[in-house]
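Please look over the sequence and the structure before reading on.

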Amino acid sequence: MIKLQINGREWSYDGDPTIPLLWVLRDELGLTGTKFGCGAGLCGSCTVHIDGEAQRACTLQVSDAQGHEVVTIEGLDPQGNHPVQRAWRQLNVPQCGYCQAGQIMQAAAFLAKTPNPTQEDIHGAMSGNICRCGCYQRIEAAVHLASTGV
């Protein structure tokens, strides 16, 4: 039995301990905000926070999450009022929206550690998250706006 702490709640998982965390989040717990993209940790669509660090849920085994605090997009701010989420809405960032949960989670973890980033800092922090629609300028502008406290 694997005990998980996700979005402030305790969960138990009694399945394959090697299954990616992503599938437990989506298929077992119904937390579908975290998306499957590449399955290799390269695109960032599945980004969640593990003890405050941005991590790829598609390459992390569920057993690796035991004993750690996992936060998904649903738990970042249940009302959607995290400064990054507010900046995303204010600048109308998403186009198709598929990668946006991962982008937001990456940005939130980055800003928690770098509250006054330069444009280069933002570009570097977000460069591992791919947007199929090419919304990179709006994403970086929203990260900058969020850093001001929106």
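A residue is called buried when its relative accessible area is under 20%. The model described here is predicted.

**Helix H5**

By that cut-off, the buried residues of helix H5 are Gln100, Ala101, Gly102, Gln103, Ile104, Met105, Gln106, Ala107, Ala108, Ala109, Phe110 and Leu111. That is 12 of the 14 residues of H5, a helix that is mostly covered. H5 runs over residues 100-113 and reaches 20 Å from its first C-alpha to its last, close to the 20 Å expected at 1.5 Å a residue.

**The cores**

The largest nonpolar core has 25 residues, and those with the most contacts inside it are Val84, Trp88, Ile139 and Val143. Two or more residues come from each of helix H3 (73-76), helix H4 (83-90), H5, helix H6 (119-126) and helix H7 (136-147). H5 gives the most to this core, with seven residues. Another core, of 20 residues, lies apart from the largest one and has Trp11, Val48, Ile50 and Ala57 among its members.

Isoleucine 139 touches Trp88, Val93, Gln100, Gln103, Met126 and Cys131, not counting residues up to four places away in sequence.

| Partner of E1 | Sense | Bridges |
|---|---|---|
| E2 (residues 9-13) | antiparallel | five bridges |
| E5 (residues 69-71) | parallel | two bridges |

In the second, isoleucine 6 stands opposite valine 70 in E5. E1 and E2 form a hairpin with two residues between them, and asparagine 7 in the turn has a positive phi of about 55 degrees.

**Alanine 57**

Alanine 57 sits in the loop between strand E4 (53-56) and helix H2 (62-65). Is alanine 57 buried or exposed? Its relative accessibility is 0%, so alanine 57 counts as buried. Leaving aside its neighbours within four places in sequence, alanine 57 is in contact with Pro20, Leu21, Leu22, Leu25, Thr34, Cys46 and Val48. Glutamine 137 is 80 residues from alanine 57 along the chain, and their C-alpha atoms are separated by 25 Å.

Terms used: Residues are numbered from 1 along each chain as its sequence is written. This is a predicted model: local features need pLDDT of at least 70, side-chain atom pairs count only at pLDDT 80 or more; totals for chains, interfaces and linings use all residues. Side-chain values use heavy atoms; hydrogens and water are left out. Helices (H or I, at least four residues) and strands (E, at least two) are DSSP runs, numbered from the N terminus. The expected span of a helix is 1.5 Å times one less than its number of residues. Buried means under 20% relative accessible area, exposed over 50%, partly exposed in between (1.4 Å probe, protein chains only). Two strands pair if DSSP finds at least two bridges between them. Contact means heavy atoms within 4.5 Å. A nonpolar core is a set of buried Ala, Val, Leu, Ile, Met, Phe, Trp, Tyr and Cys residues joined through side-chain atoms within 4.5 Å.
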